[in-house]
Amino acid sequence: MEIAFLLFVVTVLWLVLRARYQAQRIVFLGQHLAGLQVERHMETLTQGYLRAIREQDAVRQEQIWPTFEPSERGVAGQVQRLAEAVGQAPDALTRMGKWALCVPYVERFMYSSTLDFKRLLQIHASGIRAAVANEQGLPAKERAYQLSAELFLLQHSCHWFCKSRTIADARLVARHNVNREKVLTAVSPATRAAYQQWLQS
């Protein structure tokens, strides 16, 4: 009975600690996103791309693609600004656990088991910028597919940083009906290679 009670107390304390830790991370990222319109641009592009892809009239479809250029440039510039702003923060605030579950304050006692969120945002900013510039010379549909994947991976990373990799995986499936592995196959080779190298850092 005493053991069961002790486990109950430890579990409650851990849940409270985890909630406080995650709340601090949400506030930190929220402060850096304040004034930016990353989410709005992402929604405009992902929904707009779907409408364009479903357009049956080829001529009309070709007319639709250029209308996304302001949002594409906007999201590329604002993700770059986000990466630069977070890049100025202390390492103690920007490390994230490698594990699937959230371990509160892991960066304080197991630094080697953490990853650099600052570096991850730089990877995303570079990948999104390259996709917007269409450095690979992809056709419009393929470019839209790649840029969408770059944005989905960014969103996954933000959820991972704020909550946990498990929650980020679940939200990716719930919101976009796609898992992280499939997203990684759809981003640019450069983003994929940099992301996988980051995972091993």
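A pocket is here an open set of grid points with protein on both sides within 12 Å along at least five of seven lines. In this predicted model, the largest pocket holds about 520 Å³ of space. Its lining is made up of 21 residues, and those nearest the centre of the pocket are T46, L50, S148, F152 and H176. Four helices, α2 (38–54), α8 (140–162), α9 (165–176) and α10 (180–186), each contribute at least two residues to this lining. The greatest contribution is that of α2, with 8 residues. By residue class, the lining of the largest pocket comprises 11 nonpolar, 6 polar and 4 charged residues.

The second largest pocket has a volume of about 250 Å³. It is lined by 16 residues, with L29, L33, E39, C158 and H159 nearest its centre. At least two lining residues come from each of α1 (2–33), α2, α8 and α9. In this pocket α8 gives the most, with 5 residues. The lining consists of 9 nonpolar, 3 polar and 4 charged residues.

The largest cavity contains about 110 Å³ of space, and 16 residues line it, of which M96, G97, C102, W160 and K163 are nearest the centre. Elements supplying at least two residues each to this lining are α1, β1 (95–97) and α8. Of the lining residues of the largest cavity, 10 are nonpolar, 3 polar and 3 charged.

The second largest cavity has a volume of about 30 Å³. F152, Q155, H156, H159, A168, R171, L172, R175 and H176 form its lining. Two or more of these residues are given by each of α8 and α9, and the largest share, 5 residues, belongs to α9. The lining of the second largest cavity divides into 3 nonpolar, 4 polar and 2 charged residues. F152 and H176 are also among the residues nearest the centre of the largest pocket, while H159 is one of those nearest the centre of the second largest pocket.

The largest nonpolar core has 49 residues, and F117 and I128 have the most contacts inside it. Two or more core residues come from each of α1, α2, α4 (69–87), α7 (117–133), α8, α9, α10 and α11 (189–199). The contribution of α8 to this core is the greatest, at 11 residues. Leaving aside residues up to four places away in sequence, F117 touches L29, V86, T94, M96, S157, C158 and F161. Of these contact partners, L29 and C158 are among the residues nearest the centre of the second largest pocket, and M96 is one of those nearest the centre of the largest cavity.

Conventions. Residues numbered from 1 in each chain as written. Predicted model: local features only at pLDDT ≥ 70, side-chain atom pairs only at ≥ 80, totals over all residues. Heavy atoms only, no water. 1 Å grid on protein atoms, 1.4 Å probe; cavity = no way out; pocket = protein on both sides within 12 Å on 5 of 7 lines; lining within 4 Å. Points joined across faces, edges and corners; volume = space filled by probe spheres on them. Nonpolar A, V, L, I, M, F, W, Y, C, P; charged D, E, K, R; others polar. Core = buried A, V, L, I, M, F, W, Y, C linked by side-chain atoms within 4.5 Å. Buried < 20%, exposed > 50% of the residue type's maximum accessible area, 1.4 Å probe, protein only. Contact = heavy atoms within 4.5 Å.
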